[in-house]
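Please open the model in your viewer and follow the selections below in order. Each stop names what to select and then describes what is found there.

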Amino acid sequence: METERMQALLSALQEARFSGLRSVSYDGKTLTYGSDTELAAAISDLEARIARASGTSRRRRWGTVATKGL
């Protein structure tokens, strides 16, 4: 799939999620997701595919937490 098409699909998925919908119509097809979790997973997967196709990596955050044990 071309990067432009993936970007358009990503926009449609994000728009549906932010609107509270679970169905997305794109390119003459309708996709219905069972839950917000499935929709979020589809968005995450598509973001990773776009990052791979464009040659960039996804930003990851690392952190350290320490306590004194009191």
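**A tour of the helices**

Begin with Gly 55, which follows helix 2 and has a positive phi, near 85°. The model is a predicted one.

Next, select helix 2 itself, residues 36-54. Helix 2 comprises 19 residues and spans 27 Å from its first C-alpha to its last, close to the 27 Å expected at 1.5 Å a residue. Within helix 2, colour the buried residues: Leu 39, Ala 42, Ile 43, Leu 46, Ala 48, Ile 50 and Ala 51. Against which element do the buried residues of helix 2 pack? Their partner is helix 1.

Because angles over 145 degrees count as roughly antiparallel, helix 1 is roughly antiparallel to helix 2. The crossing of helix 1 past helix 2 is left-handed.

Display the side chains at this contact. From helix 1, the contributors are Thr 3, Met 6, Gln 7, Leu 9, Leu 10, Leu 13, Gln 14, Ala 16 and Arg 17. From helix 2, they include Asp 36, Leu 39, Ile 43, Leu 46, Glu 47, Arg 49 and Ile 50. The residues of this contact divide into 12 nonpolar, 3 polar and 4 charged.

Finally, select Ser 19, which lies in helix 1. Ser 19 counts as partly exposed, because its relative accessibility is 46%.

How values were computed. Residues are numbered from 1 along each chain as its sequence is written. This is a predicted model: local features need pLDDT of at least 70, side-chain atom pairs count only at pLDDT 80 or more; totals for chains, interfaces and linings use all residues. Side-chain values use heavy atoms; hydrogens and water are left out. Axes are lines fitted to C-alpha atoms, for helices over the stretch in contact, and angles run from 0 to 180 degrees between N-to-C directions. Helices (H or I, at least four residues) and strands (E, at least two) are DSSP runs, numbered from the N terminus. Angles under 35 degrees count as roughly parallel, over 145 as roughly antiparallel, 65 to 115 as roughly perpendicular and the rest as oblique. A crossing is left-handed if the near helix is turned anticlockwise from the far one by less than a right angle, and right-handed if clockwise. Contact means heavy atoms within 4.5 Å. Ala, Val, Leu, Ile, Met, Phe, Trp, Tyr, Cys and Pro count as nonpolar, Asp, Glu, Lys and Arg as charged, and the others, Gly among them, as polar. The expected span of a helix is 1.5 Å times one less than its number of residues. Buried means under 20% relative accessible area, exposed over 50%, partly exposed in between (1.4 Å probe, protein chains only).
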